[in-house]
Amino acid sequence: MQVAAAVLAAGASTRFGAPKHEVLLAGEPMYVMAARTAHAAGLEPVLVVVPSETVVPPELVPVVNDDPDAGLSRSVQLGVAAVPPECDAVVLLLGDEPTISGDDLAAVVAAATGERSVVATRAGDRIGPPVLLMRDAFDLVEGLRGDEGLRSLLRGDPAEVTVVERPVPLADIDTPADLEALAPRCPGCGVRVPGPADGPTHEYIESSPGCWAVFNELLAREFGDASYGRVHRHTVDVYAVQHPGTNDRRQRQSVALHLIGLCHWLEHDLEQDRLNATTQRLATQDGDWPWLEPPSTYDMTVVDVLRARSGAEHRELARAWAQSTWDAWAEHHAQVRAWAADALHHAG
């Protein structure tokens with residue numbers, strides 16, 4: 001059975017107060033997270049219903065909703081109408097439920113046994129997406145109106161719907177408070193990544209739990225594959241610089257030494273072995289380092305580097321990440337270059 005996916009991401013965002021399809025999670029529009037999960041789960045094609053002039057990633061198929069104010073029902077109808085004729089069914093999911101998992105989607109597809117044409121997900125008294133419609137149920141959406149989507153259909157005759165139970169509802173983002181609860185902004189680099197509020201972080205490299213989890217995933221790649229690990233020292237430098245923490249002795253030293261490392265790499269072409277030796281020597285010296293006020297934003301973060309699919313691409317992205325971060329600290333280049341030159345002089 002070939003099953004398509006339709007990610008509904010063209011709502012009016014009335015409660016949120018701004019277009020939700022523009023909200024970034026892990027560096028990409030929020031709906032892309034749900035769409036990538038659907039793609040990884042084997043649903044093909046993955047359609048995304050979005051407002052006009054929205055640019056979507058190339059592996060996704062855009063379906064334009066030119067009238068978001070018509071409500072969720074219009075997005076449902078457009079998504080279902082765009083399903084290619086060779087597909088037997090479509091799974092409808094919401095772009096503001098980005099933490100949906102491959103297991104959630106697999107359970108809905110597995111429940112499509114042919115006895116009923118509709119499969120829905122229920123948590124407690126809430127029934128809804130992800131919803132699977134077999135092709136013979138596509139015409140059920142034609143009569144939908146307003147912003148309720150499939151609600152009336154799913155709450156109708158229970159004999160027509162196969163229900164997949166889940167323990168808790170999927171986290172959805174209706175308000176800015178929902179976004180902050182699901183993916184708080186990283187205090188260092190500013191990226192939003194879903195993660196538990198009480199998740200682990202570093203002792204003094206200040207980050208959100210979600211951002212720290214992404215960095216550790218990146219480190220695992222570098223430790224597990226030598227072609228990735230060739231720039232390990234540099235990724236540590238960049239991450240530490242983007243997460244300077246607060247103005248105390250340990251953080252001031254961390255930022256200064258890692259900025260010197262970036263300068264030595266990007267402007268002096270020093271390799272990892274020389275950088276490590278220089279950093280160790282500087283760290284053992286007496287004295288205090290001044291606080292350098294960090295930039296307010298960064299063009300690239302750790303989530304951009306995690307998208308690499310080969311060691312070569314990883315090294316290229318890590319270099320671009322380092323350069324963009326170094327450029328963001330331009331206000332302090334003169335000071336850091338002086339430190340870097342002095343370090344090279346004493347290293348002989």
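Buried means under 20% relative accessible area and exposed over 50%, with partly exposed in between (1.4 Å probe, protein chains only). Helices (H or I, at least four residues) and strands (E, at least two) are DSSP runs, numbered from the N terminus. This is a predicted model, in which local features need pLDDT of at least 70 and side-chain atom pairs count only at pLDDT 80 or more, while totals for chains, interfaces and linings use all residues. Residues are numbered from 1 along each chain as its sequence is written, and side-chain values use heavy atoms, with hydrogens and water left out.

**Helix H3**

Which residues of helix H3 (residues 102–110) are buried? They are Asp-104, Leu-105 and Val-108. These residues sit on the same side of H3, because they cover an arc of only 95° around the axis; the arc is that of the directions from the helix axis to the C-beta atoms. An α-helix has 3.6 residues a turn, so residues three or four places apart point the same way. On the face turned away from the buried side of H3 you will find the exposed residues Asp-103 and Ala-110.

Contact means heavy atoms within 4.5 Å.

**The whole protein**

Stepping back, the protein has 13 helices and nine strands. Its C-alpha atoms fill a box of roughly 80 × 40 × 35 Å, taken along the principal axes. Of the 348 residues in the protein, 49% are buried. Among contacts with a separation of 6 or more, 68% are between residues 24 or more positions apart.

The accessible surface comes to about 16300 Å², and carbon and sulfur atoms account for 50% of that surface. Accessible areas come from the Shrake-Rupley method with a 1.4 Å probe, and for residues only the protein chains shown count as cover. The protein has 27 positive and 50 negative charges, and their mean positions are 3 Å apart. In that count Lys and Arg are positive and Asp and Glu are negative, while His and the chain ends are not counted. Each charge is placed at NZ of Lys, CZ of Arg, CG of Asp or CD of Glu.

**Around strand S6**

Leu-94 is found in strand S6 and counts as buried, at 18% relative accessibility. Not counting residues up to four places away in sequence, Leu-94 touches Val-7, Leu-8, Ala-34, Leu-72 and Pro-129. The C-alpha atom of Leu-94 is separated by 31 Å from that of His-314, which is 220 residues away along the chain.

Asp-96 has its place in the loop between S6 and H3. Is Asp-96 buried or exposed? Asp-96 is buried, with a relative accessible area of 13%. Leaving aside neighbours within four places in sequence, the contacts of Asp-96 are Lys-20, Met-30, Ala-171, Asp-172, Ile-173 and Asp-174.

**Backbone details worth a look**

Here are the backbone angles to check in your viewer.

| Site | Angle |
|---|---|
| Glu-44 to Pro-45, cis peptide bond | omega near -5° |
| Pro-129 to Pro-130, cis peptide bond | omega near 0° |
| Ala-26, positive phi | phi of about 50° |
| Glu-53, positive phi | phi near 65° |

Pro-45 lies in the loop between H1 and strand S4 (46–51), whereas Pro-130 is in strand S8. Ala-26 is found in the loop between strand S2 (24–25) and strand S3 (28–29), and counts as buried at 17% relative accessibility. Glu-53, in the loop between S4 and strand S5 (61–65), is exposed, with a relative accessible area of 81%.

Ala-320 is found in helix H12 (residues 311–328) and is partly exposed, with a relative accessible area of 33%. Ala-320 and Asp-304 are 16 residues apart in sequence, and their C-alpha atoms are 9.9 Å apart in space.

To finish, His-333 lies in helix H13 (residues 333–347) and counts as buried at 9% relative accessibility. Leaving aside neighbours within four places in sequence, His-333 is in contact with Trp-326 and Asp-327. A polar atom of the His-333 side chain lies 2.6 Å from the backbone oxygen of Trp-326.

Technical notes: Polar contact = N/O pair within 3.5 Å; in protein donor to acceptor, adjacent residues only side chain to side chain.
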